[in-house]
Number of protein chains: 2
Amino acid sequence: MKLTVAEENYIKSIYKLQDGSTAVNTNAIAYELDTKPASVTDMAKKLKEKRLIDYEKYQGITLTTEGRKLALQIVRRHRLWECFLVEKLSFSWDEVHEIAEELEHVGSEKLVNRLSEFLGNPTTDPHGDPIPDAQGKISKSKQLVSLDKATTRRLEVAGVSDQSSALLEFLHAKGVKLGTQIDVIERYEFDNSVEIKIKNQPAFTISEQVSKTIMVKPL
Amino acid sequence: MKLTVAEENYIKSIYKLQDGSTAVNTNAIAYELDTKPASVTDMAKKLKEKRLIDYEKYQGITLTTEGRKLALQIVRRHRLWECFLVEKLSFSWDEVHEIAEELEHVGSEKLVNRLSEFLGNPTTDPHGDPIPDAQGKISKSKQLVSLDKATTRRLEVAGVSDQSSALLEFLHAKGVKLGTQIDVIERYEFDNSVEIKIKNQPAFTISEQVSKTIMVKPL
DNA sequence: ATTATTATTTAGATTTGTCTAAATTATATT
DNA sequence: AATATAATTTAGACAAATCTAAATAATAAT
Ligand SMILES: [Mn+2]
Ligand SMILES: [Mn+2]
Ligand SMILES: [Mn+2]
Ligand SMILES: [Mn+2]
């Protein structure tokens, strides 16, 4: 099955957001792809028609087996190109994502496999994320880190280690929940507090205690 | 100026067909891009609007200085990727064109220049065609070969060394003219005749004498 | 149980790139 | 010069991917 660039980007985003087996919601995909929810609904109908996702109105989206297979191929291409850019063309790891976002859509299987071979069949990309093999087999993604130890600027909230309702309430009020993407604006050494920002919201600062409880993964 | 993939393909085709300074005609572009003349006219209006081509109804198309500059960038990317595929990924020279046709549209300047460096700044691609440098400077294209000495399967007619009207008439009747693309089907050793084919026409055989007069360039 | 808020979908429109069929212009032939 | 043929353009349509604004459904708050 040959997909358009737009379809591939959707499939990849759904794969990314569908951690474990939760159904992915429309708004999350729209945010991830920097588009509008209405566009996501439109595309959902097409991808369902092509049997790449399961989708019922208002019920969220999950990849079918076929969709997941394709997603893994795209992820494989993306991460292999990232390796190439860093290892062979001396790019730094923060420059490669955008470029790989385009290169991943060049579909030749032979190209991808030759590239992998050329790179010595790497198993992780420059960001530590695992690279699926030619059969789509992928090792479990890297373990989570607490926000206070994270080293990247853009992060995704993947869990909270302290389940106290007071903390959760605070986070909820601030708009922080599972899957929320945050940008680290600044880290203050004097008290190890961290200033963070969520898209379309004002930046705010959280204490070291809080930052220790937020489990994140780099994006 | 950021171009779409379609626009880039048109610009590149016009560059390719516009050898020297002849205006390129609609049908030639349509043939080259495997599309319809009506689509070429539509695109011509857009490219004129963007000041990448000079175009007046029924008068053919030529690149502007700006258009030529962009064409050379695309050609540069295409040929560098072909080098990469052959030299680094062990592709054979007849497999690389299609893939490079996609890779050429990844626009990052930094990527192209790093790639060139990585390859040792090559000056010709696997087909012997010159690679423009980062400033768009390109060495004159390789000299033409007569059809009987050509080594590639797909060729473009670039001239005729014998201008006798009888020969030209014959060629004209067969549909062979400047810019015609031909495929070599077979070469017969017993009399050095060559069976060739033009798109959408039945294959036919030409004698050694004729094949010596047809000047071609590999595609 | 209402009401307010948020998430999602629908309806209708736009842009890009393409097509077919018909009309027009240019070129070649008689 | 008239006519036939070839090249090109126009008119009208379509699919893909997107958007805005309005309608609807689900969820949360009172
Ligand atoms: Mn992409
Ligand atoms: Mn990565
Ligand atoms: Mn191309
Ligand atoms: Mn080439």
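Reader: How many bridges join β5(A) to strand β6 (residues 193-198) of chain A?

Author: This is a predicted model. In it, β5(A) and β6(A) run antiparallel, and A:Glu186 has its bridge partner in β6(A), namely A:Glu195. The number of bridges that join β5(A) to β6(A) is six.

Reader: Which residue in the turn of the hairpin formed by β5(A) and β6(A) has a positive phi?

Author: Between β5(A) and β6(A) of this hairpin there are four residues. One residue in the turn has a positive phi of about 55 degrees, and that residue is A:Asn192.

Reader: In β5(A), what is the bridge partner of A:Arg154?

Author: Strand β4 (residues 154-160) of chain A and strand β5 (residues 181-188) of chain A run antiparallel and are joined by three bridges. A:Arg154 has its bridge partner in β5(A), and that partner is A:Asp183.

Reader: And in β7(A), what is the bridge partner of A:Val194?

Author: β6(A) pairs with β7(A) in the antiparallel sense, over three bridges. The bridge partner of A:Val194 in β7(A) is A:Ile206.

Reader: Which strands are the edge strands of the sheet in chain A?

Author: The strands of chain A form an open sheet of six, with antiparallel pairing and the order β3-β8-β4-β5-β6-β7. An edge strand here pairs on one side only. The strands of chain A that do so are β3 (145-146) and β7 (204-206).

Reader: In chain B, why is one side of β3 (145-146) and of β7 (204-206) left without a neighbour in the sheet?

Author: Chain B has an open sheet of six strands, paired antiparallel in the order β3-β8-β4-β5-β6-β7. In general, strands of a sheet pair through backbone hydrogen bonds, either parallel or antiparallel. In chain B, β3 and β7 stand at the edges, so one side of each lacks a neighbour because each has a single partner strand.

Reader: In β5(B), what is the bridge partner of B:Arg154?

Author: In chain B, strand β4 (residues 154-160) pairs with strand β5 (residues 181-188) over three bridges, in the antiparallel sense. B:Arg154 has a bridge partner in β5(B), which is B:Asp183.

Reader: Which three residues supply 29% of the area that chain A buries against chain B?

Author: The contact between the chains involves 20 residues of chain A and 20 residues of chain B. About 1,600 Å² is buried between them, and carbon and sulfur atoms give 73% of that area. On the chain A side, 29% of the buried area comes from three residues, more than any other three supply: A:Leu89, A:Arg114 and A:Phe118.

Reader: What share of the atoms of DNA strand D within 4 Å of the protein do sugar and phosphate account for?

Author: DNA strand D is surrounded by 21 residues, the closest being A:Thr4, A:Thr35, A:Ser39, B:Tyr55 and B:Lys57. Among the atoms of DNA strand D that come within 4 Å of the protein, sugar and phosphate account for 75%.

Reader: How far is a phosphate oxygen of DNA strand D from an N or O atom in the side chain of B:Tyr55?

Author: For A:Ser39, a side-chain N or O atom is 2.6 Å from a phosphate oxygen of DNA strand D. For the side chain of B:Tyr55, the distance is 2.5 Å.

Reader: Which elements give two or more residues to the surface near DNA strand D?

Author: By class, this surface has eight nonpolar, seven polar and six charged residues. Both chains supply elements with two or more residues there. Chain A gives α1 (5-17) and α3 (37-49), and chain B gives α2 (26-32) and α3 (37-49).

Reader: How many charged residues does the surface near DNA strand C have?

Author: Around DNA strand C there are 20 residues, of which A:Tyr55, A:Lys57, B:Thr4, B:Thr35 and B:Ser39 come nearest. The elements giving two or more residues to this surface are α2 (26-32) and α3 of chain A, with α1 (5-17) and α3 of chain B. By class the surface has eight nonpolar and seven polar residues, and the number of charged residues is five.

Reader: Which residue has a side-chain N or O atom 3.3 Å from a phosphate oxygen of DNA strand C?

Author: Of the atoms of DNA strand C within 4 Å of the protein, 76% belong to sugar or phosphate. Backbone atoms of A:Asn27 and A:Tyr58 each lie 2.9 Å from a phosphate oxygen of DNA strand C. The residue whose side chain is 3.3 Å from such an oxygen is B:Lys46.

Reader: How far apart are the end C-alpha atoms of residues 1-64 of chain A?

Author: UniProt, in an unreviewed entry, places the feature "domain: HTH dtxR-type" at these residues. Over residues 1-64, chain A is 52% helix and 9% strand. The end C-alpha atoms are separated by 14 Å.

Terms used:
Residues numbered from 1 in each chain as written. Chains lettered and ligands numbered in written order. Predicted model: local features only at pLDDT ≥ 70, side-chain atom pairs only at ≥ 80, totals over all residues. Heavy atoms only, no water. Near = heavy atom within 4 Å. Polar contact = N/O pair within 3.5 Å; in protein donor to acceptor, adjacent residues only side chain to side chain. Nonpolar A, V, L, I, M, F, W, Y, C, P; charged D, E, K, R; others polar. UniProt positions renumbered as here; feature names shortened; annotations may be inferred. Pairing = 2+ DSSP bridges. Contact = heavy atoms within 4.5 Å. Buried area = accessible area lost by both parts, 1.4 Å probe.
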